[in-house]
Amino acid sequence: MWQITRRHLSPSKQTHLISFLASPPPITTTTSIIHSSSSSIPISQPYSSTIPRISSSSVQSNPDDSAKLGFGIERTGREGLGLGVERVGGDLVGPVWGYGKCYWELSKAKLSMLVVATSGTGYVLGSGHTIDLSGLCWTCTGTMMVAAAANSLNQVFEVKNDAKMKRTQNRPLPSGRISVSHALTWASAVGIVGTSLLASKANMLAAGLAASNLFLYAFLYTPLKQIHPVNTWVGAVVGAIPPLLGWAAASGEISLNGLILPAALYFWQIPHFMALAYLCRNDYAAGGFKMFSLADASGRRTALVALRNCLYLVPLGYLAYEWGVTSGWFCLESSLLTLAITATALSFYFDRSTKNARRMFHASLLYLPVFMGGLVFHRLSDNWDHHMDNGLTTTVHNPNYIERDDNVESSRKQNKSTSRTQRRPPVAYASAAPFPFLPAPSY
């Protein structure tokens, strides 16, 4: 073929052909054309060399290129659909999160959890040899809902006062994040459901205590805060009922043994709230609340009331042991714990400063969980038999519970007296009673 071409071409054209064949122009590949950012074709290249040659095998082996060439519309459609779903999901999550946060703040969830803890402790103490975990969970759930309803109603009635206080002006109602009618609907719903849950899963006695406590807190304690300083003592009664509720849910009755933890809650709340009222007295004055500390400029009477109620806590450990609720070790531990919080109250009495008030407040926060933990840890599972033996049961009974057989009771009395003579609790080694104003225990 070269001989034929040489024969028909002039010498100058033959020279150009030889130079062209010796150094051919670069051939543009398919990949370079696809990914090239330039849309122009180089003039120095032959037109045939710029035509992309894409085989079926190359398309299958590189799915990314095929997606870039032919399937971009499908991918864009799928991405657009995903963005739409995300947008709808974002529109739903925002309001749900906002209302959930409002319900959390209306319920004062942390305070309600503390109420649930006291109720659960009362349930454990009121149980016999075995603890019904299902009943415990239902009781805690119902208590949580009733406490949330009470706290929500409290904020509904105090919305104008909360708006005047720095500590509460960012709550859902004063800040306008939720309406009063919405909060009332929420409080009514959770209150009714919680009370019904206690009535169906526990007993009517527990449900009655819950409903009574809701009424006391929302319709008596809340308005009293703007009328008279006695509101602190009414609030202490409200705080003492949840552990009694738990005891009633477990045992079906109210007994003298079940009053140990409620009494501790009542006396504990006085120094706790006295410290809080002293620390926030300016805020309470701005909100229009009649707190005990506002009528006590020097703080002396406030500190004295706190100290007096700390001393009332001292014999509770001994009574818990004497009435068969706990072992003797709790008597000693409770005494040490009570003396510690009493020391902070005494320090606040002699030096009525913000620092000492805050120290007493922190001591009260530590006292309650340690006291309840000690009660549960040292509890005697046969305390039911003990208070039945000593005639400590009151006349408030649940009709669903049946009285025990006399023969069984007599045998348990005998076993109990035998076990009491064999056990030597720590206080048995003392030469006198732990507290001089109480009778010495008999061993």
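1. The lining of the largest cavity divides into five nonpolar residues, three polar and no charged. Here Ala, Val, Leu, Ile, Met, Phe, Trp, Tyr, Cys and Pro count as nonpolar, Asp, Glu, Lys and Arg as charged, and the others, Gly among them, as polar. The lining residues are G122, L125, W247, N257, G258, I260, L261 and V325. Two or more of the lining residues come from each of α7 and α13 (260-279). The volume of this cavity is about 30 Å³, and a search of the whole structure finds one cavity of 30 Å³ or more.

2. On terms: a cavity is a set of points, on a 1 Å grid over the protein atoms alone, where a 1.4 Å probe fits but cannot get out; a pocket is an open set with protein on both sides within 12 Å along at least five of seven lines; lining residues have an atom within 4 Å of a point. Grid points are joined across faces, edges and corners, and a volume is the space filled by probe spheres set on the points.

3. The model is predicted: local features need pLDDT of at least 70, side-chain atom pairs count only at pLDDT 80 or more, and totals for chains, interfaces and linings use all residues. Residues are numbered from 1 along each chain as its sequence is written, and side-chain values use heavy atoms, with hydrogens and water left out.

4. The protein chain has 20 helices and two strands; helices (H or I, at least four residues) and strands (E, at least two) are DSSP runs, numbered from the N terminus. Of its 443 residues, 43% count as buried, where buried means under 20% relative accessible area, exposed over 50% and partly exposed in between (1.4 Å probe, protein chains only). Among contacts (heavy atoms within 4.5 Å) with a separation of 6 or more, 74% join residues 24 or more positions apart.

5. Helix α7 (residues 109-126) packs against helix α12 (residues 231-251) at an angle of about 35°, with the axes 6 Å apart. Axes are lines fitted to C-alpha atoms, for helices over the stretch in contact, and angles run from 0 to 180 degrees between N-to-C directions. The α7 side of the contact consists of V115, T118, S119, G122, Y123, L125 and G126, and the α12 side includes P242, P243 and W247. Together the contact residues are nine nonpolar, six polar and no charged.

6. S112 is also found in α7 and is buried, with a relative accessible area of 0%. Leaving out residues up to four places away in sequence, S112 touches S107, M144, A147, A148 and N151. S112 and A148 are 36 residues apart in sequence, with their C-alpha atoms 6.3 Å apart.

7. K108 lies in the loop between α6 (72-106) and α7. Although not a glycine, K108 has a positive phi of about 50°. At 18% relative accessibility, K108 counts as buried.

8. The largest pocket holds about 1200 Å³ of space. Of its 46 lining residues, K108, L111, N151, Y217 and F273 lie nearest its centre. Two or more lining residues come from each of α7, α8 (133-157), α11 (204-224), α12, α13 and α18 (354-377). The largest share, eight residues, comes from α12. By class, the pocket lining has 27 nonpolar, 12 polar and seven charged residues.

9. H272 is found in α13 and is buried at 9% relative accessible area. Not counting residues up to four places away in sequence, H272 touches F361, S364 and L365.
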